[in-house]
Amino acid sequence: MADDEQYERGRQRFLEVHDERALAAVEGLGALGRSIVEFVYGDVYTRPGLSTRDREIAAVATLVATGRSSQLPQHLRASLKAGVTAEELEEIILQTATIAGFPPAMNAMSQLKTVLSDRGPG
């Protein structure tokens, strides 16, 4: 039952980082979703080397740099939840533009504005 323990550890960690809606979307992917929960959140995100905040900064920068825009809003929300400020996210996106280019950074900045708008004041 080690796989079940790893999955439950990953599921619990996933919910600390994201929310129920995001978990439902990932679990809806079947075997792929289970692999994501087990490996990414059950193994990698439970390692002690980085804080959740630092992991989300890395995730946002990587998603911007690689143009993985479908995953970016979820990690922008997770970053905010982990204590990264909106101003810091803007700086991360700007910094990423220096290496990855302006088009992916423009897309990311637009997505950040949408996430912040959806979030409302606060």
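Start with the largest pocket, which has a volume of about 530 Å³. A pocket here is an open set of points on a 1 Å grid over the protein atoms alone, where a 1.4 Å probe fits, with protein on both sides within 12 Å along at least five of seven lines. The volume is the space filled by probe spheres set on the points, joined across faces, edges and corners. You're in a predicted model, where local features need pLDDT of at least 70 and side-chain atom pairs pLDDT 80 or more, while totals for chains, interfaces and linings use all residues. Numbering runs from 1 along each chain as its sequence is written, and side-chain values use heavy atoms, without hydrogens and water.

Now select I36, V40, Y41, Q71 and H75: of the 21 lining residues, these are the closest to the pocket's centre. Lining means having an atom within 4 Å of a point.

Next, colour the helices (DSSP runs of H or I, at least four residues, numbered from the N terminus). α2 (20-27), α3 (31-44), α4 (52-66) and α5 (72-81) each give the lining at least two residues, and α4 brings the largest share, five.

Finally, pick out the contact (heavy atoms within 4.5 Å): E56, I57, A59, V60, L63 and V64 on α4, and L72, H75, L76, A78 and S79 on α5.
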